[in-house]
Amino acid sequence: MWHIMKKLPEKIGPHLLEDEEFLKRVNSCVWGSETIEEFESQWIAIISDYHLENNEWLQGRYRIRESWIPAYFKNIWLAGILRTTSRSESANSFFNRFIGRKLAFVEFWLRFDTALQCQRQEELIHDNTTLHTNPTLFTTWEIEKHGGFVFTHEVFKKFQEEVLAAREHCDVQTTTELEDRTIVTMTDNYMRVREVICFTTDQAYKCSCMLFESIGIPCRHIIRMFRSAKVNELPVYYITKRWMKTCKRDNAYDNEGNLLVEKATSSVDASMRRKMSNAHNKFEDIFRMAKTSPEGMDTLIEKLDSLSLLFQPNTRTRQEEQENFIGCTIPDDVQVHPPNDIRSKGKCKRILGHADKNKRSKYTGPRKCTTCKNVGHDRRNCPNKGS
């Protein structure tokens with residue numbers, strides 16, 4: 001589609017390039033047609049008004065119209081990737097930050113792996129933000145609050161735009177009651193008349209804009225009908241699994257029921273990993289429901305306290321811990337013999353320290369008198385004492 005529209009100017013001739021009305025009508029025909037009949041009537045009118053019946057290139061594009069005109073894909077869910085090449089271009093732009101044409105194969109592979117790790121890390125950050133934060137609400141409608149609870153932040157922004165448009169721009173024009181359905185026509189800010197069919201048996205809605213069928217998000221016209229019917233939460237049918245916060249938590253298993261993981265580094269067997277994963281997902285669901293109110297959190301904490309008593313390990317006594325540490329059993333009857341008698345009379349010799357040993361080993365000569373500095377006597381009987 002994008003490449004065909006890019007080649008259009010060089011295929012129609014220079015005289016039509018200056019005609020702004022012609023380009024406006026072509027773009028409206030290709031991009032704005034919501035039904036097959038609307039596209040074909042506008043296409044035939046353009047070909048006739050500008051005398052392009054002999055243009056072979058346009059004739060060839062018309063023959064393959066079912067493969068590139070959006071009106072032919074309105075009822076096919078393509079998650080909003082139909083119109084442009086932006087997804088492919090964004091991927092190329094991302095990887096161009098890491099790789100180049102002159103890299104060796106080994107270096108290319110290492111950088112490519114680094115790019116994937118960066119991409120997955122960024123995705124984990126967004127997942128954590130989605131799971132543990134609440135988006136800002138712009139209305140008091142309960143259906144908007146419920147959308148913020150189930151959708152990821154990125155999808156909720158688009159859903160919120162539809163909620164605001166339903167409140168501000170959608171007006172009911174006529175209502176027709178039939179046997180098994182109700183047909184409601186309404187206008188919106190695009191000044192188009194939309195037709196919403198409500199099937200009375202299963203309370204399902206189908207809008208002529210087909211936004212839900214192509215993208216998976218309820219349109220403003222269906223949301224307006226929910227508001228009129230006092231539906232405060234989105235029905236399960238209108239919650240696309242791909243856009244849910246818990247979408248990535250579903251696990252993949254092989255034919256034998258073993259859990260498939262990217263890098264199985266745990267020593268736990270596959271069946272146990274599967275049980276652990278299921279238990280973790282159930283707890284997250286309970287926690288997300290409980291955190292919406294203080295009473296819910298109090299109830300959850302109370303139940304967890306009582307549940308934790310079932311899994312407490314058996315307490316061991318101090319003696320059991322000591323026996324486990326020394327590797328043998330401590331006997332119940334222990335006989336302690338008295339120590340042998342030792343001689344306690346008299347003074348024991350002082351144990352010499354390092355300083356004493358050094359002093360003893362060092363010889364300083366005979367003792368001298370402190371008065372006359374001669375040997376053979378001391379200051380008490382020094383002959384120079386009286387002088």
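Analyst: Apart from neighbours within four places in sequence, Gln-160 is in contact with Thr-136, Leu-137, Phe-138 and Glu-144, where contact means heavy atoms within 4.5 Å. The model is predicted, so local features need pLDDT of at least 70 and side-chain atom pairs count only at pLDDT 80 or more, while totals for chains, interfaces and linings use all residues. Residues are numbered from 1 along each chain as its sequence is written, and side-chain values use heavy atoms, with hydrogens and water left out. Gln-160 belongs to helix H9, residues 153-168; helices (H or I, at least four residues) and strands (E, at least two) are DSSP runs numbered from the N terminus. Gln-160 has a relative accessible area of 7% and is therefore buried, the limits being under 20% for buried, over 50% for exposed and partly exposed in between, with a 1.4 Å probe and protein chains only.

The sheet comes next. Four strands form an open sheet in the order S1-S2-S3-S4, with antiparallel pairing; two strands pair if DSSP finds at least two bridges between them. At its edges are S1 (171-177) and S4 (204-207), each of which pairs on one side only. On average, neighbouring strands of this sheet are turned by 20 degrees against each other, direction ignored. Six bridges join S1 to S2 (residues 181-187) in the antiparallel sense, and Asp-171 has Thr-187 in S2 as its bridge partner. Helix H11 (residues 220-228) lies across S2, S3 (193-199) and S4, at about 145 degrees to S4. Such axes are lines fitted to C-alpha atoms, for helices over the stretch in contact, and angles run from 0 to 180 degrees between N-to-C directions.

Helix H1 also has packing partners. H1 (residues 2-12) and H5 (residues 56-63) pack at about 155 degrees, with axes 10 Å apart, and are therefore roughly antiparallel; this label applies over 145 degrees, with under 35 roughly parallel, 65 to 115 roughly perpendicular and the rest oblique. Ile-4, Lys-7, Leu-8 and Lys-11 of H1 meet Trp-57, Leu-58 and Arg-61 of H5.

The axes of H1 and H3 (residues 20-32) come within 12 Å and cross at roughly 140 degrees, which makes H1 oblique to H3. From H1, Met-5, Leu-8 and Ile-12 take part, and from H3, Phe-22, Val-26, Asn-27, Val-30 and Trp-31.
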